[in-house]
Amino acid sequence: MSTGGHCEIAVSLRGLTRTFERPDLGVPVRGLRRFWTRRPTMEAVALHPTTFHVNAGESVAFIGPNGAGKSTTIKILTGILHPTAGMATVLGHVPWLDRDALSREIATVFGQKSQLWYHLPARDSFTLLTRIHDLDADLARRRAGALCERFGLDGLLDRPVRTLSLGERMRCEVAAALLHSPRILFLDEPTIGLDVIARQELRSIIRELNQRDGVTVFLTSHDAGDVERVCDRAIVIHTGRVVFDGSIETLRRDFVRRKTISLELSSPFTGESPIMSGVVSTQLTPMRWQFQVDTTVVPAETVLAGLIGRMQIADLTITDPPMEDVIAAIYGQASSSEAVS
């Protein structure tokens, strides 16, 4: 992916902005006497000037609450929408100007939209997609065979798509998206509605595509498990503004404010419950204790050192809060900053 010591940039946004008009609901209607030929509107900002770059081969989570601007950004990057201002390139193409050429190098998978024909067997959809992408028939057949073997699709391709489970359909969706060997895979909520096993299988497939094949992954999801298990970097957007851009590890380090220390004791603790500032202790059983540590008040290491001196510890674990809590903390901080400003 690197050339001459420089990383190839797969996706580049420079001051990308998108606004749209919506009805002005602030216009009073009680006692209204004036008639408009066009209803009054007001400008709404879906995406404030946004700049970031994604290198070829990266696996990036683009996350944010509903209405943050995620879908708007993906629609611009795939050529569906035109921006109001700014510039973006995807693999050197301006998406809204070079959509046909770009479609040959990227793929999209939407958890709530299908590119497979509902009443046809998935194999027929593969044949139709071969024609759409103008692929050599023999090459596409070999490619489809390799993808089917890799994703365990034997026995699924000749069944109408409507008869497949959601997990089976999503595996077929990803295989169909990869038929033309795209360099970037855009995924929008790919695991929505899947059961635990199907989610794990799909995450493994996407992760392998990135690590083994070098496919650049640009993922949007509300599922923190997708973010943790598929991506190495997160870009967090809130009300149309990027509020965080860094590694998943940095995301945890900068926004984790709480740790949980769980202890298994070799003998029951009979003393008074340890009391420390910033720590909430819970005795689960005579041999098991749990401590919630506010790391803005006291480091977890300090708490642990005090416990080791008082308890007979057989085993211990220190865990971070779930990724859902970390992401919620980022949203909360962003909302507070907006309220102040």
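Me: How many Å separate the centres of domain 1 and domain 2?
Reply: Quick heads-up: this is a predicted model, where local features need pLDDT of at least 70, side-chain atom pairs count only at pLDDT 80 or more, and totals for chains, interfaces and linings use all residues. Residues are numbered from 1 along each chain as its sequence is written, and side-chain values use heavy atoms, leaving out hydrogens and water. The chain splits into domain 1 (9-24 + 42-253) and domain 2 (257-319), with bounds from an automatic or database domain assignment. Taken over C-alpha atoms, the separation of their centres is 43 Å.

Me: Why is helix α1 largely enclosed by the rest of the structure?
Reply: Helices here are DSSP runs of H or I, at least four residues, and strands are runs of E, at least two, numbered from the N terminus. Buried means under 20% relative accessible area, exposed over 50%, partly exposed in between (1.4 Å probe, protein chains only). Helix α1 covers residues 70-77, and it's largely enclosed because six of its eight residues are buried. Those are K70, T72, T73, I74, I76 and L77.

Me: Is L91 buried or exposed?
Reply: L91 sits in the loop between β6 (85-90) and α2 (99-103). Its phi is positive, about 55°, though it's not a glycine. With a relative accessible area of 13%, L91 counts as buried.

Me: What is the relative accessible area of T239?
Reply: T239 is in the loop between β10 (233-238) and β11 (241-247). It's a non-glycine residue with a positive phi, near 45°. T239 is partly exposed, and its relative accessible area is 34%.
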